[in-house]
Amino acid sequence: MSPHPTDGLSVPARTVGRRSFLALATGTVLGLAACSPQVKTTANAEPAEKLPSGAPPPGTKLTVAVRQTRLQLEPAGLKKDLAFTVSEWPNLSAGPDIIQGFRARSIDLASNAGIPPIQAKAIGVKTRIVAIQVRPLPIYTFATAPGTTISSVADFRGKKIGFSQGQAQGVVVLRALKAAGLKNSDVELVALPSTQFLTALQSQQVDVAPLGEPSLTKYLDQYAEDGAAAVKTDVVDLLTVLWAPVEVLDDPAKAAAVRSFIPLWAKGLVWAWENTDEWIDTYYVKDQGVSAADGKRIVASLNKPRFPVSWDKAIAWEQETADLMAEGGFVPEQDVTDLFDRRFEGLAAQSVPAEYRETS
């Protein structure tokens, strides 16, 4: 989830230029890219041929950065089914932070959008996707800075846009510009991690930036009177994924733990959809600090959870995203096929009722 409006700017913003991918140093994974000699476009090592069956061995531990699942397990009655020890639940969700955690071997499994695995591969961090949720409706809205007069993406020309190339928000920007017939050079892309978008908008460091909920609601509640507004688009960030470092999936005990976690992840999302009042109180009110009324409005705007039986469409969308990033000069060209560990394909879909399965 996006941060609270009180988050501060810890680093200065930098304008993103073409082919500047390895030159950025923002204190996140972009900084790692700047100093790492490991930039590669080669395929990751092939996964083990067979997925371990049965429960994880006693003593198996994973560090899991999936905050929503952590909060869903108890009220959904799923905690008893957790078949391994979660040594830690890091409260991290931004793609660059997760990639750093993978690289430091401090995170074993995480949930993100589809772009962080592309970014990870571009800097030589070997990971794979093990579960997929699809979201056919937009989840990000462009918020404008106080005092601006932006009413559509066409008005972005010449404006400063908050841009995090290693996160879903970055691809939303690129897709929105392309759909509006604008080139990246028609705007000023300001390099910032998404955790800094709110403060950058407040301080008018950028003119516009994509925000998700509940950050969008918090921001507009505070700054709409000063002229801040929301610009909606049809741009979809299709994928939410569970992903893990290759070395975790190559460990039979940890791979078994990951396999056992996937149904809990999917069932937790279904529970939240079917028990909105309890989820609003648990997550939006108590964890994220928004009002119950705003929580209800946010939940009403969300997508019903959908888990694809086949990953073919997801892989095609991921390839399109990688190609778009490469066109902008942000990552090398890459084949995303090896980002998906298809041993896990369909496990999430099989664990939920048929109405939550994506079969087309």
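## Close-up views of a predicted chain

**View 1. Meet the whole chain.** Buried residues, meaning those under 20% relative accessible area, make up 56% of the 360 residues in the chain. Residues over 50% count as exposed and those in between as partly exposed, using a 1.4 Å probe on protein chains only. The model is predicted, so local features need a pLDDT of at least 70 and side-chain atom pairs count only at pLDDT 80 or more, while totals for chains, interfaces and linings use all residues. Residues are numbered from 1 along each chain as its sequence is written, and side-chain values use heavy atoms, leaving out hydrogens and water. The chain has 13 helices and 13 strands; these are DSSP runs numbered from the N terminus, with at least four residues (H or I) for a helix and at least two (E) for a strand. Among contacts (heavy atoms within 4.5 Å) between residues at least 6 apart in sequence, 82% join residues at least 24 apart.

**View 2. How confident is the predictor, and where is pLDDT under 50?** pLDDT is the predictor's confidence in each residue, from 0 to 100. Its mean over the chain is 85, and 86% of the residues reach 70 or more. Residues 1-14 stay under 50, and the model has 44 contacts for them beyond four places in sequence. Residues 17-46 are also below 50, with 71 contacts beyond near neighbours in sequence. Where pLDDT is low, the predicted coordinates should not be read in detail.

**View 3. Helix H4 meets helix H12.** Here H4 (residues 115-122) packs against H12 (residues 312-327) at an angle of about 55°, with the axes 10 Å apart. Axes are lines fitted to C-alpha atoms, for helices over the stretch in contact, and angles run from 0 to 180 degrees between N-to-C directions. The pair is therefore oblique, because angles under 35 degrees count as roughly parallel, over 145 as roughly antiparallel, 65 to 115 as roughly perpendicular and the rest as oblique. On the H4 side, look for Ile115, Pro117, Ile118 and Gln119; on the H12 side, find Glu318, Thr321, Ala322 and Met325. These contact residues divide into 5 nonpolar, 2 polar and 1 charged. In this scheme Ala, Val, Leu, Ile, Met, Phe, Trp, Tyr, Cys and Pro are nonpolar, Asp, Glu, Lys and Arg are charged, and the others, Gly among them, are polar.

**View 4. How many residues of H4 are buried?** H4 is mostly covered, with 8 of its 8 residues buried. Among them are Pro116, Ala120 and Lys121. After H4 comes glycine 124, whose phi is positive, near 85°.

**View 5. Glutamine 169 in helix H5.** Glutamine 169 sits in H5 (residues 168-179). With a relative accessible area of 6%, glutamine 169 is buried. Leaving out neighbours within four places in sequence, its contacts are Tyr140, Ser164, Ser194, Phe197 and Pro210.

View 6. Leucine 302 lies in the loop between helix H11 (292-300) and strand E12 (307-308). Its relative accessible area is 32%, so leucine 302 is partly exposed. Beyond neighbours within four places in sequence, leucine 302 touches Trp273 and Tyr284 in contacts. Its C-alpha atom is separated by 8.8 Å from that of arginine 135, 167 residues apart along the chain. Glutamate 213 is in the loop between strand E9 (208-211) and helix H7 (215-223), and counts as buried at 15% relative accessibility.
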